[in-house]
Amino acid sequence: MSASTAQEMQTIFRGAMSRFTTGVTIITTRTPDGPAGMTASAVASVSLDPLMLLVCVGNTLATRNAISDSGVFAVSVLSQGQEGHALRFASRCDDKFAGLGLRTDHDLPVLEDAAAHFACDVTEEFAGGDHTIFVGQVVSCGYSVDADPLVYFGGKFGSLCDLSSHAQLAYDWQLAASL
């Protein structure tokens with residue numbers, strides 16, 4: 001598919017990027033008025049030495065200014081079944097944190113039931129078109145070995161396919177159908 005105008009190219013670019021499967025995260029920080037946060041899929045590992053990752057935050061979002069002002073952010077990686085968290089933090093609701101459990105071992109708001117989490121100090125901030133790219137040095141992280149990730153593909157939430165489970169289900173179904 002090709003495009004002849006900038007508007008058409010943006011539409012095609014969005015469609016093409018929707019074909020790239022990503023994890024789903026909540027990016028958070030603290031402000032003098034309380035925690036701030038947003039849903040993001042633009043998160044990537046940068047370095048093992050030192051430990052660094054990056055997040056991309058839309059320039060029109062309040063979380064962008066909050067991270068820039070505080071100099072810190074956290075990433076909570078969502079698990080399968082946490083689509084509600086992703087939708088809540090993607091909205092402009094008043095208190096995105098209402099009723100959510102937060103870890104108490106961090107100075108930053110980190111979701112208690114996240115599949116993985118990272119607490120970071122901002123080391124660099126770059127302009128990236130209509131987004132800001134924050135590079136953070138990881139000061140703390142952890143993960144749950146039993147969590148299945150929430151993924152995003154084609155504008156929809158999903159999960160990874162466990163082939164052994166599917167194979168067992170197919171076998172059981174075939175066995176039951178033959179009886």
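Predicted model: local features only at pLDDT ≥ 70, side-chain atom pairs only at ≥ 80, totals over all residues.
Residues are numbered from 1 along each chain as its sequence is written, and side-chain values use heavy atoms, with hydrogens and water left out.

A disulfide here is a pair of cysteine sulfur atoms within 2.5 Å, and the structure holds zero of them. C120 is also buried, at a relative accessible area of 1% (buried means under 20%, exposed over 50%, partly exposed in between, with a 1.4 Å probe and protein chains only).

Strands are DSSP runs of E, at least two residues, and helices are runs of H or I, at least four, numbered from the N terminus. These three strands make an open sheet in the order 1-9-10, with antiparallel pairing. Strand 1 (22-23) and strand 10 (156-159) are the edges, each pairing on one side only. Two strands pair if DSSP finds at least two bridges between them; strand 9 (residues 150-153) and strand 10 have four. To see one, select L150 and its bridge partner S159 in strand 10.

Now for the largest pocket. Select M38, T39, A40, S41 and H131, the closest to its centre of the 50 lining residues. The pocket holds about 1800 Å³ of space. Strand 3 gives the most to this lining, with seven residues. By class, the lining has 25 nonpolar, 18 polar and seven charged residues (Ala, Val, Leu, Ile, Met, Phe, Trp, Tyr, Cys and Pro count as nonpolar, Asp, Glu, Lys and Arg as charged, and the others, Gly among them, as polar).

Last stop: the second largest pocket, with about 330 Å³ of space. Select V43, S45, L53, V77 and F118, which of its 21 lining residues are the closest to the centre. Strand 4 gives the most here, with five residues. The lining has 15 nonpolar, six polar and no charged residues.

How were the pockets found? On a 1 Å grid over the protein atoms alone, a pocket is an open set of points where a 1.4 Å probe fits, with protein on both sides within 12 Å along at least five of seven lines; lining residues have an atom within 4 Å of a point.

Methods. Points joined across faces, edges and corners; volume = space filled by probe spheres on them.
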